[in-house]
Amino acid sequence: MMGRPILSRVDSEEVLVRARGLVKAYSTEPVVKGIDFDVRRGECVGFLGPNGAGKTTTINMICCFVSVGGGELEVFGQRVNGDARDIKRRLGVVSQENNLDPDLTVLKNLLVYGRYFGLPREHRLRRAEELLEFVQLEEKRDSHIRTLSGGMRRRLTLARALISNPELLILDEPSTGLDPQARHVVWQKLRALKRAGVTMLLTTHYMEEAAQLCDRVLIMDEGRIIARGTPQGLIEEHIGAEVVELYSTDPSHSDAMALLQGAADHVERAGDEVFGFFRRSESARALLPVLAEHHVVHRRATLEDVFLRLTGRELRE
Amino acid sequence: MTQLTTRVAGAFRVWLRNFESWKDFAVASLVGTVAEPLLFFAAMGFGLGRFVDEIQGQPYVAFLAPGLVASTAMNAASFETTFGSFTRMNEQRTYEAIVMTPISVGEVVAGDILWAASKSLLAGAVILAFMLPLGLLAGPLAAAVLPLTFAVGIMFGALGMAYTAIAPSYTFFNYFFTLVIGVMFLFSGVFFPLDGLPSWVGWAAWFLPLTHAVILMRALTSGTLEPSMWVNGAWLAAFTLAAFWLSVRLIRRRLIR
C-alpha cells in the first residue's frame, strides 16, 4: 500500500465529488443552505466549521446516509439517490461516533466488514493483517472492542474503512476526543495515506489538523461555505503573517493598546485579549521592543485566526 | 433495480454477522431460547395433562406440543428483532456502520429477520426432537413443521422489527410483549381449543397471526392437514409480506434522515 508512487494530486482533473447548490433541511430547519464544491482525485479536502455548521450533514449526504435535500450531488460521476450501492462500494467511511461492532473481536470487525463489500475470504484475511500492522493493533487482534482505548478504536475504525481499498476516504472528525499522543498517531497514519495518493475528505475543528493534512480547506458556517483555499493562502488572505496578543490585565494596557492599534493592520478584541494582525512580519517585529514591558505573545498567524475571524468568537452550542 | 441475487447475498452477509457474534455464546443463548418452552412442555403437558382428558381426540400433551412449537417460534423471533435489533440499531450503531457499506437498509432488515427466524427454527427443532421419541408425531408430514417454524419466525421477526422502528426506548417493548405477544400466547389456541368459547372469541382470534400458525402446526404433527387450510397459509403469507414491507419502510425512515 505504501509502496505505490506518489500520485500527482493537485493537477488531477478527475472530479470524485461534485456538489452544486446542495441543500438539506431536517424537518423544517435548514442545515445546509446551498453549497458548491469539488473533490478531485488525490487531494485532501477539509471541511472546517463550528458545531452545527453543516459539515457532518454534508459528508453524510456523500455517504448516502442522509438523503439529498436539494441541488446536485454527484459522487464518482453518479447522482446520489437512495441506496447508491455502486457509490458506497468505492467509499471508506470513518464516522464521528464509534460504531465498531462490540459483539466481535478486533480481527473479526475487519473480516465481517470486508464481507459486507463481498470481498473473498483470503483477500479479507490478508488485507486485515496488513491493516492491523498499519494501525499498530496486531497484538489486539483477538481482543474485544470494549477493552480498547479511544485511540485504538479510532485506529481500528480507520483500518476498517480501508479494508475495501476505497477510492475516497471520508473522515468525520477523525481525532476528536483523543488525547494528544493518540491524535498524533492518527495524523501520522493519515499523512501516510495521503502520501500513498488516497483521496480524503475530512471534517474537523482542529485547525492544526486541517493545516497539517489538507491541500484545500472549505470553511463552513451556518450551512454555507464562507471561505475556501489552501491553509497558507487563507492565512495570508484573511490574517497576514503574524499576530501580537495583548492582555488587558496589564495596568498600562491603554497605552499599549494605542501602540498596537497604530501599528497593526487589523485589531480585534475578545474578552480580556486584544489581537493585532500584521500582514508583514517586519511591522510586528518593529513593535515588539516598544511593547517590551507589556504582557504580549508574538506568534505566526494560524488557520485558527482565520477561522475565528470569519466565524466570530461567540460560543456555538 | 438491483438483482435479486445481490440482495439475497447482502441479507445473508448480515445474517452471518449475527451468527458470528452469537456462536461464541451459543450455549447461553440456547438455554434462554429453548429451556423455557421445554419447561412449559413438561409442566403443562405432563403436569396439567394428567387432569385433562383428550382434546380433539388426542392426549393433552399431543394437543399442546405443536402449539408450543408455534409460540416458541414467535417468542424467539420477537425477542431477537425487538431487544436484539433495537440494541444493534440504537445502542451499538451497527446498522449505521453496515448501511455505509454496499449493503442496503432492506438487506439489513431482511438479514436480521432471517436471523430471528433461524433462532425460531433452532428452538422449534429442539422441541420436535423431544416430541419424536414420545410418539407425538403422526407421520412423515410432521417434518414440514421445520419450514413452517422458520416461516412463523420470519413473520414475527418482521412484526417485531416494525415495532422496533417506532419504539422510542426499551421500556416501550412492554406494550408489545404484554398486549401483542402475550395476548397471542394465551388466546391463539396453544393451550385450549377456541371452538368451545363464545363465538366472538374465535372470531377475534382469527385476526391473530399465531392462531393460523397453531392450526397448521397441529395439522402437521397430528396428520390432519386438510385442503381448506390453504386459507391459513395464505393468511400467514399475506401478513408476513405486509409486516416485512412495513418494517423496511419504517426502519429506513428512522435510519436515513
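Predicted model: local features only at pLDDT ≥ 70, side-chain atom pairs only at ≥ 80, totals over all residues.

Student: What are the dimensions of the box that the C-alpha atoms of chain A fill?
Tutor: Taken along the principal axes, the box is roughly 70 × 45 × 40 Å. In secondary structure, chain A comes to 11 helices and 14 strands.

Student: Which domains does the assignment give for chain A?
Tutor: Domain 1 covers 15-228 and domain 2 covers 240-300. The C-alpha centres of these two domains of chain A lie 40 Å apart.

Student: Among contacts in chain A between residues at least 6 apart in sequence, what share joins residues at least 24 apart?
Tutor: The share is 68%.

Student: How many positive and negative side chains does chain A have?
Tutor: There are 44 positive and 46 negative side chains in chain A. The centres of the two sets lie 7 Å apart.

Student: Is A:Ser27 buried or exposed?
Tutor: A:Ser27 counts as exposed because its relative accessibility is 75%, and the cut-off for exposed is over 50%.

Student: Where in chain B does B:Arg93 lie, and what is its phi?
Tutor: B:Arg93 lies in the loop between H3 and H4 of chain B. Its phi is near 55°, again a positive value in a residue other than glycine. With a relative accessible area of 27%, B:Arg93 is partly exposed.

Student: Where is A:Gly54, and which residues is it in contact with beyond its neighbours within four places in sequence?
Tutor: A:Gly54 sits in the loop between strand S3 (44-48) and helix H1 (55-62) of chain A. Leaving those neighbours aside, A:Gly54 is in contact with A:Val31, A:Val32 and A:Met220. A:Gly54 counts as buried because its relative accessibility is 6%, where buried means under 20%.

Student: How do I think about the sides of a helix?
Tutor: An α-helix has 3.6 residues a turn, so residues three or four places apart point the same way. Helix H6 (residues 180-195) of chain A holds A:Leu193, and A:Gln181 is also placed in H6 of chain A. A:Leu193 counts as buried, at 0% relative accessibility, whereas A:Gln181 counts as exposed, at 58%.

Student: In chain B, how does the reach of helix H10 compare with what is expected at 1.5 Å a residue?
Tutor: H10 (residues 230-255) of chain B has 26 residues and reaches 37 Å from its first C-alpha to its last, close to the expected 38 Å. Its buried residues include B:Trp235, B:Leu236, B:Ile251 and B:Leu255.

Student: What covers the buried residues of H10(B)?
Tutor: The cover includes helix H3 (60-91), helix H5 (105-131) and helix H6 (145-166) of chain B. H6(B) is itself mostly covered, with 16 of its 22 residues buried. H6(B) reaches 32 Å, close to the 32 Å expected.

Student: Where is B:Phe207 placed?
Tutor: B:Phe207 is in the loop between helix H8 (199-205) and H9 of chain B. At 46% relative accessibility, B:Phe207 counts as partly exposed. B:Phe207 and B:Asn90 are 117 residues apart in sequence and 32 Å apart in space, C-alpha to C-alpha.

Note on methods
Residues numbered from 1 in each chain as written. Chains lettered and ligands numbered in written order. Heavy atoms only, no water. Helix = DSSP H or I, 4+ residues; strand = E, 2+ residues; numbered from the N terminus. Contact = heavy atoms within 4.5 Å. Lys, Arg positive; Asp, Glu negative; His and termini not counted. Charge placed at Lys NZ, Arg CZ, Asp CG, Glu CD. Domains from an automatic or database assignment. Expected span 1.5 Å × (residues − 1). Buried < 20%, exposed > 50% of the residue type's maximum accessible area, 1.4 Å probe, protein only.
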